[in-house]
Amino acid sequence: KRLDVSQSHVSDAKEIVIADIPGLIEQLGRTYAEITLDEICWEYIYHQHSLYEVTFATFPYLVDFCETASDASFKLKSFLNLGAILSELDADDILLTQTFANSRIDKETVRNIIASFKESFQRLKQIAISLFEIVVEKEEYEKRCFLSAIAAANRNFKVAKVFLTFDKNEEYRCLCPECGVEFYLWNKEDRLVLYTGDPVFDKSQAGFPVIPKSSVDVQPSERISSDNNFEWLTFYINKLKIDSLKSIVNYLFGETQCPECSTKFNIFNPIVDPLT
């Protein structure tokens, strides 16, 4: 069941343009034009990396178009956009619930929007499988974005957010889990080095080592869960031939010592989105 997206609401700043979305969806269904897809995603339903009620109402339409597209470029672009939107979510659906907490839409319509969103979400994993042969031939950047999108499709939003936020694979940022101080993790010749300040502006500072995780006894896995990120990523980095991540993934799950409080900690979970 598809809903009238004009019934959905967003913040006052975007309220005046909600009426544009049904027409844009109809146009996208006729043309499958990437420029229209991007306009819907980045100007309306995922504006400035925020999610709105209308985001969830529009999402099933975009999944439909992604499934039925005959053009491989549009299909991949759609999937990557959908993955970016999903990367904002959390495993407990807290953001989804909060989005509709003070809705002006009647409760039955809200339930239908959420149900339709969740149903379309489930179809993304099969879409991902259909795209593997295409992605293997793409550039490294698109491969890394695809890795993020398939993580989101499998509800591992932490993995999705890390690889979407740090898509250039040059610099990561993390917080010490003990004292909360933020550090920079710089990709230096396919190894991560920890710095207390941004190395872009302070090139003379000393770096601190990250000890990479050993992969000797690791069994790569197609199955993704909250506790096998390293195994899952190892599998798909090799499957997709993402050369730029083959060396760095061991460091992303490695260990370092906080220069401030001397606490030893593993890198991946403390990696943070600098925009939050």
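**Entry 1: a proline in a loop**

I started with P259, which sits in the loop between β5 and β6 (264-266). The model is predicted, so I keep that in mind for everything below. What does P259 touch, not counting residues up to four places away in sequence? I get F183, L194, T196 and F208. Its relative accessible area is 28%, so P259 is partly exposed. I also took a C-alpha distance from P259 to F74: 46 Å, for two residues 185 apart along the chain.

**Entry 2: aromatic pairs**

I listed the aromatic pairs next, and the structure holds 16 of them. I looked into Y32 and F74: the ring centres are 5.2 Å apart with the planes at 75°, and since anything over 60 counts as edge-to-face, that is what this pair is. Y32 is in the loop between α2 (20-31) and α3 (34-45), while F74 is in helix α5 (residues 72-86), so I note a link between distant parts of the chain, 42 residues apart. Are the two partners buried or exposed? Y32 comes out partly exposed, at a relative accessible area of 27%, whereas F74 is buried at 0%.

The second pair I checked was F235 and Y236. Their ring centres are 4.9 Å apart and the planes stand at 80°, so I file this pair as edge-to-face too. F235 counts as partly exposed at 22% relative accessibility; Y236 is buried at 10%.

I also found an aromatic cluster made of F56, F59, F100, F117, F121 and F157. On the charge side, I noted K239 over the face of F132, with 5.1 Å to the ring centre.

**Entry 3: the core**

How many residues does the largest nonpolar core have? I get 89, and the residues with the most contacts inside it are F79, L124, F146, L147 and I271. Helix α4 (residues 53-68) gives the most to this core, namely nine residues.

Leaving out residues up to four places away in sequence, L124 touches F59, V63, F79, L82, L86 and A153. F59 also belongs to the aromatic cluster.

Then I went to S78 in helix α5. S78 is buried, with a relative accessible area of 2%. Beyond its neighbours within four places in sequence, S78 is in contact with L37 and C66.

Helix α10 (residues 157-165) was next: seven of its nine residues are buried, so I call it largely enclosed by the rest of the structure. The buried ones are F157, V159, A160, K161, V162, F163 and L164. I note that a lysine, K161, is on that list.

**Entry 4: the sheet**

I traced an open sheet of four strands in the order β1-β2-β3-β4, with antiparallel pairing. Which strands stand at the edges? They are β1 (171-175) and β4 (208-209), each with a single partner strand, so one side of each has no neighbour in the sheet.

Strand β2 (residues 182-187) pairs with strand β3 (residues 192-195) in the antiparallel sense over four bridges. Y184 stands opposite Y195 in β3, and N187 has L192 as its bridge partner. The hairpin of β2 and β3 has four residues between the strands, and E189 there takes a positive phi near 55°.

One of the partners I wrote down is P209 in β4, which is bridged to V193.

I then checked where the β3 side chains go. L192 and L194 point one way, V193 and Y195 the other way, and all are buried.

**Entry 5: one more phenylalanine**

Last stop was F253, in the loop between α13 (249-252) and β5 (255-257). F253 counts as buried at 13% relative accessibility. Leaving aside neighbours within four places in sequence, F253 is in contact with K213, N229, F230, L233 and F268. I also took the C-alpha separation between F253 and S226: 14 Å, at 27 residues apart along the chain.

Note on methods
Residues are numbered from 1 along each chain as its sequence is written. This is a predicted model: local features need pLDDT of at least 70, side-chain atom pairs count only at pLDDT 80 or more; totals for chains, interfaces and linings use all residues. Side-chain values use heavy atoms; hydrogens and water are left out. Rings of Phe, Tyr and Trp (its six-membered ring) pair if their centres lie within 6.5 Å; planes under 30 degrees apart count as stacked, over 60 as edge-to-face and the rest as tilted. Helices (H or I, at least four residues) and strands (E, at least two) are DSSP runs, numbered from the N terminus. Buried means under 20% relative accessible area, exposed over 50%, partly exposed in between (1.4 Å probe, protein chains only). A charge sits over a ring if NZ of Lys or CZ of Arg is within 6 Å of the ring centre and within 35 degrees of the ring normal. A nonpolar core is a set of buried Ala, Val, Leu, Ile, Met, Phe, Trp, Tyr and Cys residues joined through side-chain atoms within 4.5 Å. Contact means heavy atoms within 4.5 Å. Two strands pair if DSSP finds at least two bridges between them.
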